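Visitor: I would like a close look at a single part of this model. Please keep it brisk and give the cut-offs.

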Amino acid sequence: MNTKLISAFLALALASMACGFELPKAPAPEPEVTENMSVPAPDSDQVNLKLAFGAGELTLAPGSSQLVDGTATYNYSAFKPVIKTDGSNVQVGMSEVNFNVFPSFKDLKNIWDLKLGTTPMDLSIEAGAYEGTFELGGLELNNLSIKDGAADVELSFSQPNLAEMSIFEYGTGASNVKMSGLANANFSLMDFSSGAGDYTLDFSGELQRDASITISSGLSNMIIVVPEGVNAIVTVDSGASNVNAGSGWEQNGKIYKQAGEGPMLTFVINIGAGNVTLTK
């Protein structure tokens, strides 16, 4: 388990002690279970799929003939996955576990390894302190929403999204997030917000239309990758950050431009403090 996850739980435990609350006993590991999950796609033109994951390791990739299939491996019965379907709404979640009161995650295991199908969908992922590896290329995502806590995430679109995505929202806490192939996501609007951390947003791939990106972050190291030859304009609104622009970028005050051909990427970056690097 990533030390960041353990530290997050320890911090919550100390905060509870300071408030005079009695901490629950640390859950004891149980026999390890690997459970197969298979979720058929509802008979609907548009599916809303929500993945609700607490803490542990979550892997997503394309390649399912169902809406979702894969395995969940865990050694604590409260981590058993729960699947709920209500018409076109599908949730793959966990039993009622309050991760905020866990005194320790030591010796506990919670691993989901899932594949997603090409059903047209709105996909939302809600998670706590976890490690995530997401390959979302080749899916048909109309909207994508990710909300997590102290996370270590690698997300990629190695193939074009099969739909025109309206909005891609990503909100995270103090995390380490790397995203690549973002032009392949084919979104109209991307909204990324974060706490302190290290973030890389790589807009490589096939840019099919104009897109707007808003970024709000705290004390962070932010790397923005825009391939050479792509039209881009970046406005950085910050009084306490360093902006490092590579070759090919022209600066006029707080506005940075890269000339190219085809669709335009328009960025507005609001960062509390730290570093912003524009590169290709």
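Predicted model: local features only at pLDDT ≥ 70, side-chain atom pairs only at ≥ 80, totals over all residues.

What is the mean pLDDT of the chain, and what share of its residues reach 70 or more?

Guide: Residues are numbered from 1 along each chain as its sequence is written, and side-chain values use heavy atoms, leaving out hydrogens and water.

Confidence comes first. The mean pLDDT is 90, and 87% of the residues reach 70 or more; pLDDT is the predictor's confidence in each residue, from 0 to 100. Over residues 8-19 the pLDDT is below 50.

The chain has one helix and 21 strands. Both are DSSP runs, numbered from the N terminus: helices are H or I with at least four residues, strands are E with at least two.

Now S13, residues 175-180. Ser175, Val177 and Met179 point to one face and are buried. Buried means under 20% relative accessible area, exposed over 50%, and partly exposed in between, with a 1.4 Å probe and protein chains only. In a regular strand the side chains alternate between the two faces of the sheet.

S13 has a parallel partner in S11, residues 151-156, over five bridges. Here Ser156 is bridged to Ser180 of S13. S15, residues 197-202, also runs parallel to S13, again with five bridges. There Ser175 is bridged to Gly197 of S15. Two strands pair if DSSP finds at least two bridges between them.

Contact means heavy atoms within 4.5 Å. Leu201 is one of the residues with the most contacts inside the largest nonpolar core, alongside Phe168 and Phe267. That core has 68 residues. A nonpolar core is a set of buried Ala, Val, Leu, Ile, Met, Phe, Trp, Tyr and Cys residues joined through side-chain atoms within 4.5 Å.

Ser180 leads elsewhere. Ser180 is touched by Phe157, whose other contacts include Leu141, Met165 and Asn184. Phe157 lies in the loop between S11 and S12, residues 165-171. Phe157 counts as buried because its relative accessible area is 1%. Its C-alpha is 7.7 Å from that of Gly138, 19 residues apart in sequence.

Key: Lists of a residue's contacts leave out its neighbours within four places in sequence.
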